[in-house]
Number of protein chains: 2
Amino acid sequence: MSRADDLNATLRRVHPAAALNLSTAGEGLFYPQGIPTQSAEARGCAIDATIGQVTDGHGHALALPAIAEAIAALDFDQATLYAPQGGRPDLRQAWRAHIQADAPAGPGPLTLPVATSGLTHGLCLVATLFARPGGTLLLPDPCWGNYVATFQRVFGARPRTWRLLRERPEPGQALDLDAFRAALAALTEPSTLLLNFPSNPLGYSPTPDEAAAVVQAVDGSPVPLVVVCDDAYQGMVWEPSARRTSLFHDLSRLDPARVLAVKVDGATKELFYFGGRVGFISFGAEGEAAVVLEDKARAAARATISSVSATSQAVLARALASPDLAAQQQAVRERLAGRYRALKDELHRAGLPSLPFNSGMFAMVPVPGDPEGLRKQLLTEGVGVVSLPESRALRLSYGSVSRAEIPGLVRAIARHLG
Amino acid sequence: MSRADDLNATLRRVHPAAALNLSTAGEGLFYPQGIPTQSAEARGCAIDATIGQVTDGHGHALALPAIAEAIAALDFDQATLYAPQGGRPDLRQAWRAHIQADAPAGPGPLTLPVATSGLTHGLCLVATLFARPGGTLLLPDPCWGNYVATFQRVFGARPRTWRLLRERPEPGQALDLDAFRAALAALTEPSTLLLNFPSNPLGYSPTPDEAAAVVQAVDGSPVPLVVVCDDAYQGMVWEPSARRTSLFHDLSRLDPARVLAVKVDGATKELFYFGGRVGFISFGAEGEAAVVLEDKARAAARATISSVSATSQAVLARALASPDLAAQQQAVRERLAGRYRALKDELHRAGLPSLPFNSGMFAMVPVPGDPEGLRKQLLTEGVGVVSLPESRALRLSYGSVSRAEIPGLVRAIARHLG
């Protein structure tokens, strides 16, 4: 009996009025034993490598001074009155410039971003506009578990997956492009494709050649595609051999008869403002198409949340105007890059195999036996990690452990896998 | 051709990949010419009575000192790191106590509230869990336009309405209880009923007798009901003859074989923290039913937004802990009550008929001719109001006009309707 079945059976017994009124989504939804639950269980661990946020390793935020100053300088009117639907105009313009500044070949078609309540809400808006019951959502495997909750459990789409990594990944040739092309070729109706680089849980970004091959395969899709770039970890790329900028910039230039590129991003990870819950949804479109798509995105946002926290938007708008922001962001990125290199070194030293990782804040360590059992064992040793049983692996976050803790983290795992 | 048809036709022409991928919701959604649009058009008006938020009449927030102090004292870690899914535990407990303190007959069955990104998101979670394509949503007429966007356009429910007011409403006998009973009697399958007192756009709250009749009618429903109390304007009741507390407290005690009571509320209007976007969803349930319903609500929140702004939650949690909060809230309520009495007096003096209003921050003035034409005319005179063409009326908000502006507001309208 699944967890949802179990909950529904209980409800039929103790609250018939609720049970008889559940929608299909209401029947399917249950709070998963996923990353938030595993992260909650790791609270109090000496080493907590569970969560995809950046701390100093002791549970404190790594201060981006521009964000701290913006919080200290919050204007009461701006923080407490309604912000316009769709987001503050100044913030939307600033975020558009922020995206365009990152386009490797100059700005392509790009709508004015619509503010969302974090990236999940941006994905929820994509699902609202494009997910049909029984329609296809093509996901990488492995991927973030919440995609399934949003697209399948709430909106009824049917996920299919392509295996992200080759059987024997080699440097510069890690993505399973054959699997990707085969998955696209098998599509028979308009479909949504979700891309996520740097990826969660892998921490992998493609090489420029791999990226070009992905874009070329999308361009050759047999069906009209909505291609969603989940750019949560945008710019957090630690190897010069990996592509640093979003594939959105290439995808947005493809023929609108075949491809709609959608960019979901935000301040959450990019500016280390995890609690702010300010994200954005933008489309690779211009002219009349831009007008229509932005109208529908604002309408979907209004129907699901009305508007985004004005307090958080005020913080972000002020921080984005700071001339020092980029340098401050770079300083935190360099700390993360240092942790990344330390993790690479320690894994190598311990002889512990890992899947290819070069970006973001995660690494995956294969566990041939029982990853969930190992996670629970590690908890008793004061070490928190995430288990991904379906991938037969652990996910380590180096966002929330200090560099000094990394040798201990690796040693704790190696003792059980050596 | 409807606005949505128009947008879809454009998209088919200029962006086939987007058009061919739209879901039913994606096809139906368009940003309405509703209150946010009318409010945007009124920006710059000397008198702006469009929007349901409380200002000093000059666009500035009416400071609740506890909120101001909480903003000034924001803790960087609390404001920038992730808040737990479902909401900060201390905040959820505090909000539960806040609800229970208001129960006229002592606390009844009540789950731990789940934090939402404003009240709209709370309604979105209700729709996620309970709205079925083609299923019935029973709404009062008139009601807030966004209900239709959330329940019908996104989730496919079919709205039916009951006429809220009698043909000739009399003091203490304004609600059309016969219409309400008839609408309930006509239900043939499990359905969702939405109640909103104090109501938007009417600004009406029932008398204790009317409230008891509503609860009794719900108790006699021929089908299992989900009854949603949209308590946005909770406690803003200006006449001793009107019921001040939520009907949720009575509905939550009804038989779970027939009724599930859901409470959607939040700090937005109750604590005048409009921009914070912190709302809550709670159920009238206990024991195992509470566990299941809270689990599903957290799951739905995770699938749509992940978590609520930690910055806003930190502000609200601190403000709720202030011993002075209730007195400060009362002080702003008294200013609103003063505006309410001034509006009543001026309407009477001008001989301008209005529909019954006794609470919230709105009043409706019938316009026999063309309310939208009158709204546009008033804009040219520096007066912003909302037109409700389907109700043949104007909606006046006294939240955003000062008491001194009220005679001018009424005179401007009376000149055209006298």
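1. Leaving aside its neighbours within four places in sequence, which residues is A:Glu210 in contact with? The partners are A:Leu175 and A:Leu177, where two residues are in contact if their C-beta atoms, placed from the backbone, lie within 7 Å. A:Glu210 belongs to helix H11 (residues 208-219) of chain A; helices (H or I, at least four residues) and strands (E, at least two) are DSSP runs, numbered from the N terminus. A:Glu210 counts as buried because it has 20 C-beta neighbours inside 10 Å, the rule being that a residue is buried if 20 or more other C-beta atoms lie within 10 Å of its own, exposed if 12 or fewer, and partly exposed in between, with C-beta atoms placed from the backbone. Between the C-alpha atoms of A:Glu210 and A:Ala319, which are 109 residues apart along the chain, the separation is 34 Å.

2. Before going further, please keep in mind that this is a predicted model, in which local features need pLDDT of at least 70 and side-chain atom pairs count only at pLDDT 80 or more, while totals for chains, interfaces and linings use all residues. Residues are numbered from 1 along each chain as its sequence is written, and chains are lettered from A and ligands numbered from 1 in the order in which they are written.

3. Chain A as a whole contains 18 helices and 14 strands. Its radius of gyration is 21 Å, close to the 22 Å that the globule rule gives for 418 residues, so chain A is as compact as a globular protein of that length; the radius is taken over C-alpha atoms, and the rule is 2.2 Å times the number of residues to the power 0.38. The C-alpha trace of chain A spans about 60 × 55 × 50 Å along its principal axes, and 58% of the 418 residues count as buried. Among the contacts in chain A between residues at least 6 apart in sequence, 75% join residues at least 24 apart.

4. One open sheet of chain A has 3 strands in the order S11-S14-S13, with antiparallel pairing, and two strands are said to pair if DSSP finds at least two bridges between them. Strand S11 (362-366) and strand S13 (386-388) are the edge strands, each pairing on one side only. S13(A) is joined by 3 bridges to strand S14 (residues 393-397) of chain A, and A:Leu388 has A:Ala393 as its bridge partner in S14(A). In the loop between S13 and S14 of chain A one finds A:Arg392, which has a positive phi of about 45° although it is not a glycine. A:Arg392 is partly exposed, with 14 other C-beta atoms within 10 Å.

5. B:Ser306 sits in the loop between H14 and helix H15 (310-320) of chain B, and B:Ser306 counts as buried because it has 25 C-beta neighbours inside 10 Å. As background, most residues other than glycine have a negative phi, and most peptide bonds are trans.

6. Where in chain B are B:Pro198 and B:Pro201 found? B:Pro198 is in the loop between strand S7 (191-195) and helix H11 (208-219) of chain B, and B:Pro201 also lies in the loop between S7 and H11 of chain B. The peptide bond from B:Phe197 to B:Pro198 is cis, with omega near -10°, and the bond from B:Asn200 to B:Pro201 is cis, with omega near 15°.

7. Helix H9 (residues 146-154) of chain B has 8 of its 9 residues buried, so this helix is largely enclosed by the rest of the structure; among the buried residues are B:Tyr147, B:Phe151 and B:Arg153. After H9(B) comes B:Gly156, with a positive phi near 80°. Strand S3 (residues 136-141) of chain B is mostly covered, with 5 of its 6 residues buried, and S3(B) pairs in the parallel sense with strand S4 (residues 158-163) of chain B over 6 bridges.

8. Finally, the two chains meet in a contact that takes 88 residues from chain B and 88 residues from chain A. On the side of chain B that touches chain A, helix H14 (residues 287-304) of chain B gives the largest share, 13 residues.
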